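Dear colleague,

Please find below the structure that I am handing over to you, with its sequence.

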Amino acid sequence: MSSDSFLEKWRNNIEDLVGTHPLQIISWESTRRCNLNCLHCGSPSEEVELQEELTTDEVIGAFNQIAEDFDMSLFRHINITGGEPFVRKDLLTILEEISKHPFYRNIDIQTNGVVLARNPDLFEQLKKYGVTGIGISIDGIQQTHDTFRGRIGSYDLAFKAAKTAVESGLTVTVSTVANATNINEISQLYDLVREEIKPRIFRVMTLDPIGRASNEKYLLSSEQTQEVIGFLLKEYTANCEDYHDPKTTMVELGCGGWLGKDLEGLVRPFIFHCVAGINNLGMLYDGKLAACSNIPREFGFEGDLRKDRIKDVWDNKYQRYRNFEWKKTGDCQDCGEWDYCHGGPMHKRSINGSMTDCLYQTIANGKDYWVCSSGDSK
């Protein structure tokens, strides 16, 4: 199948997904509390009322309600984020209860690794309760990571947690947020992680100016963004033939946006489209129903599980996530890639339709750069 035919088939699948919007992913923002104070946190605790956090029974009740109301034969997985999920003392209790539903036994947890490193016995309990994947953030070599995390020793703890998770048989993703202060360490960090931790995935995300990360000193320049893509293109191409080998560490770009028809599928094992509100439901720490915890709060919320039936909200709200025309402003108006990306990820949009940046435009304007960086001759 030609690349054009493949993309057309993929586009048709996206249209079908938007039309039917099956609930397949739950992203649960378990808490906004955290045991670190990271300089680049996109979901800082100072912006919220922590006393509004859902209780144990409310969380379990929400998952039970979803199991009762939705067609769970279509369900894929739960992604648990924070804050730091392991500051919830009831996390294991919640996991034990919800994992009694067989379709809730494919769970990923995103963590800084501090609690897991200090309590390695937790890994077997997590596996017992349906956790199959662990995502751990390492944002540079030791001093850089510790500086970002605001705690000396946090690098060693994250490294230990990731390594122990791999040894425990979990699927591990090590993520790093590429920013202006760690850009020169990413290649070295990748080599170190691949050789000593051996995770399934080494994921690189470009910094978005949200939360504490709005500080301009951390934002990537266009040239630095192109450098990141060049690195990913080179390393993904080098290992893509071994993608199905679970012992291979694959690199991939996180959900920074659409890269263009020439690059999609060459830096990650999927074609990007924002699925927030399409097949991904966001349950926030306080029970608000959203699509992704990174989407600006100025958008408001689709509902509140303390007041609304979740299925009613899912079926009748989320129109801004499923109808894209309102995003067709600025550079998007005449962009030849619109039919594929539909304006890119929602977390980069503001309520008036403008966006912080377009990854495709950044890469397209520096195409000669990434071709040279990748060693490719396209």
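The chain contains 14 helices and ten strands; helices (H or I, at least four residues) and strands (E, at least two) are DSSP runs, numbered from the N terminus. This is a predicted model, in which local features need pLDDT of at least 70 and side-chain atom pairs count only at pLDDT 80 or more, whereas totals for chains, interfaces and linings use all residues. Residues are numbered from 1 along each chain as its sequence is written, and side-chain values use heavy atoms, with hydrogens and water left out.

Overall form

The C-alpha atoms occupy a box of roughly 55 × 45 × 40 Å along the principal axes. Of the 378 residues, 55% count as buried; buried means under 20% relative accessible area, exposed over 50%, and partly exposed in between (1.4 Å probe, protein chains only). Among contacts between residues at least 6 apart in sequence, 73% join residues at least 24 apart, where contact means heavy atoms within 4.5 Å.

Nonpolar cores

In soluble globular proteins, nonpolar side chains tend to be buried together. A nonpolar core is here a set of buried Ala, Val, Leu, Ile, Met, Phe, Trp, Tyr and Cys residues joined through side-chain atoms within 4.5 Å. The largest such core has 102 residues, of which Ile66, Leu95, Tyr104, Ile109, Phe202 and Met283 touch the most other members. Helix H7 gives the most to this core, with seven residues. Leaving aside neighbours within four places in sequence, the contacts of Met283 include Ile26, Trp28, Phe63, Ile66, Leu289 and Leu305, as well as Glu29 and Lys288. A second, separate core has five residues, among them Phe148, Val177, Leu207 and Ala213.

Packing of H6 and H7

How are helices H6 and H7 placed relative to each other? Helix H6 (residues 142-149) and helix H7 (residues 154-167) pack at an angle of about 105°, with their axes 8 Å apart. The two helices are therefore roughly perpendicular to each other. Axes are lines fitted to C-alpha atoms, for helices over the stretch in contact, and angles run from 0 to 180 degrees between N-to-C directions. Angles under 35 degrees count as roughly parallel, over 145 as roughly antiparallel, 65 to 115 as roughly perpendicular and the rest as oblique. For the contact of H6 with H7, H6 supplies Gln142, His145, Asp146 and Arg149, and H7 supplies Ser154, Tyr155, Asp156 and Ala158. Two residues of this contact are nonpolar, three are polar and three are charged. In that division, Ala, Val, Leu, Ile, Met, Phe, Trp, Tyr, Cys and Pro count as nonpolar, Asp, Glu, Lys and Arg as charged, and the others, Gly among them, as polar.

Individual buried residues

Ile107 lies in strand S3 (residues 107-111) and is buried, with a relative accessible area of 0%. Not counting residues up to four places away in sequence, Ile107 touches Ile78, Ile80, Leu95, Ile98, Tyr129, Gly130, Val131, Thr132 and Gly133. Its C-alpha atom is separated by 8.6 Å from that of Ile134, 27 residues apart along the chain.

Thr206 belongs to strand S6 (residues 201-206). Thr206 counts as buried at 9% relative accessibility, and touches Ala178, Leu220, Val228 and Gly256, residues up to four places away in sequence not being counted.

His342 is situated in the loop between helix H12 (338-341) and helix H13 (359-364). At 11% relative accessibility, His342 counts as buried. With residues up to four places away in sequence not counted, His342 touches Ile14, His273, Phe324 and Lys327. Between His342 and Trp258, 84 residues apart in sequence, the C-alpha to C-alpha distance is 9.2 Å.

Backbone features

A cis peptide bond, with omega of about 15°, joins Gly82 and Gly83. Gly83 is in the loop between strand S2 (77-81) and helix H3 (91-98).

His21, although not a glycine, has a positive phi of about 30°. His21 is found in the loop between helix H1 (3-20) and strand S1 (25-29) and is buried, with a relative accessible area of 16%. Lys198, also a residue other than glycine, has a positive phi near 65°. Lys198 sits in the loop between helix H8 (186-196) and S6, and counts as partly exposed at 49% relative accessibility.

With kind regards
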